[in-house]
Amino acid sequence: MQRNRLQYIDGQIIDWLKQLDDVLPRLIKEMTTDTKVDRFDLVTNVDKQLQHQFERYLAEHFPGHQLLGEEKNNDNIQPYDGHLWIMDPIDGTANLVKQQEDYCIILAYFENAEPKLSYIYDYPHDKLYKAIAGEGAYVNGEPMASPAHLPLNDAIISFGSQYMNEQTVKALYDAAFGVRNIGSCGLDSVRVIKGQFGAHINTNPKPWDIAAQFLFAKELNLVMTQLDGQPLDYATSGPFIISNPGCYNDMITILNSNGGYQK
Ligand code: IPD
Ligand code: CA
Ligand code: CA
C-alpha cells in the first residue's frame, strides 16, 4: 500500500519535472537577475517561477502537503509532521547566471520526518537522479550502484576553501588526490553519490541544499553527518559532509584538527 502510494507520487513528480523541459528554455531566455543579501547572492525569475509553479502544483494535486522552499517564507512549516517537501528551485544560481551550466533542481519528500523520495534534476545535462526509500537510487530510470570504497589519497574532494582555516585547507589538499568545486551543493553531492568524488563539504548549507542527499546517502551506503560526526537534522541543517565510506574517517579527523572550519 505504502509502496504503491510512493510509486504514484514518484510518477507524478517525474511528470512535473519532465514538463520543465518545455518551461525552462523560455524562462531562461527571459532571465532577469536580482541580488538578495549581497552582490554574490543571486536570484532570478527562473528560481522564483519554478518554486511558485511547484507550490501551485502541490496545492492542486497534494493538498495538505507542506512546502519548505528557498524563495518563500517558511515560518508556518512544521518540518517533522506529516507530508513535507523541501525544494531548492535552482541550486547553483550563480552558475545559471554566469555559465548557463552546472545548476540543478532539488526536491525531497519526507513523511513524519522520514525521507521517502529525493530528486536532483541536472537539467543542462538531461540527468534526473532520484531515490526511493527502500528501493534504491536511479539515474534516468537506470538503477545506480553503491560507489566502491575510495581511500582519501585516491579521491577528489570538494569544499569551499574560503571557509576553512589555512592549515585545514593545506591538510585536505595534502591528504586527497585532488580538489574540485562545481559550485552547486546538489551537483557536488551527486559526484559523491556517483563515486566520482570522495566527499563534499558545505560549511553553511540551508535545508534545501542538503534535503535530497539524505535518501541517496541511505540507499547507496554513503555517510552524511555534521562536520563533528554528529547526526545532521534536515530541518535545521548546518555544516555538513556527504562522503564515501572509504574516506569519511580521515576527512572528519582533518576537519577537526588545527582549528577546522568557520561557518
Ligand atoms: C548555493 C550553492 C553553492 C553553495 C552555497 C549554496 P544557491 O546554492 O549550492 O554551491 O556553496 O552554500 O547556497 O544559492 O545557488 O541555491
Ligand atoms: Ca542552493
Ligand atoms: Ca537556490
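Modeller: Here is the ligand site, from its shell to its contacts.

This is a predicted model: local features need pLDDT of at least 70, side-chain atom pairs count only at pLDDT 80 or more, and totals for chains, interfaces and linings use all residues. Residues are numbered from 1 along each chain as its sequence is written, chains are lettered from A and ligands numbered from 1 in the order written, and side-chain values use heavy atoms, without hydrogens and water.

The shell of ligand 1 (residues with a heavy atom within 4 Å of it) holds Glu 70, Asp 88, Ile 90, Asp 91, Gly 92, Thr 93, Gly 183, Ser 184, Cys 185, Asn 202 and Asp 209. Two are nonpolar, five polar and four charged; Gly counts as polar and Cys as nonpolar. Strand E4 (residues 83-91) gives the largest share, three residues; strands are DSSP runs of at least two residues. Domain 1 (1-144) and domain 2 (152-256) each supply at least three residues, with bounds from an automatic or database assignment.

Now the polar contacts (N or O pairs within 3.5 Å). A polar backbone atom of Gly 92 is 2.7 Å from an oxygen atom of ligand 1. For a backbone N or O atom of Ser 184, the distance to a ligand 1 oxygen is 3.2 Å. Glu 70 uses a side-chain N or O atom, 3.4 Å from an oxygen of ligand 1. The protein buries 69% of the 380 Å² that ligand 1 exposes when taken alone, by the Shrake-Rupley method with a 1.4 Å probe.

How values were computed: A polar contact is a pair of N or O atoms within 3.5 Å; within protein, one must be able to donate a hydrogen and the other to accept it, and residues adjacent in sequence count only if both atoms are side-chain atoms. Helices (H or I, at least four residues) and strands (E, at least two) are DSSP runs, numbered from the N terminus.
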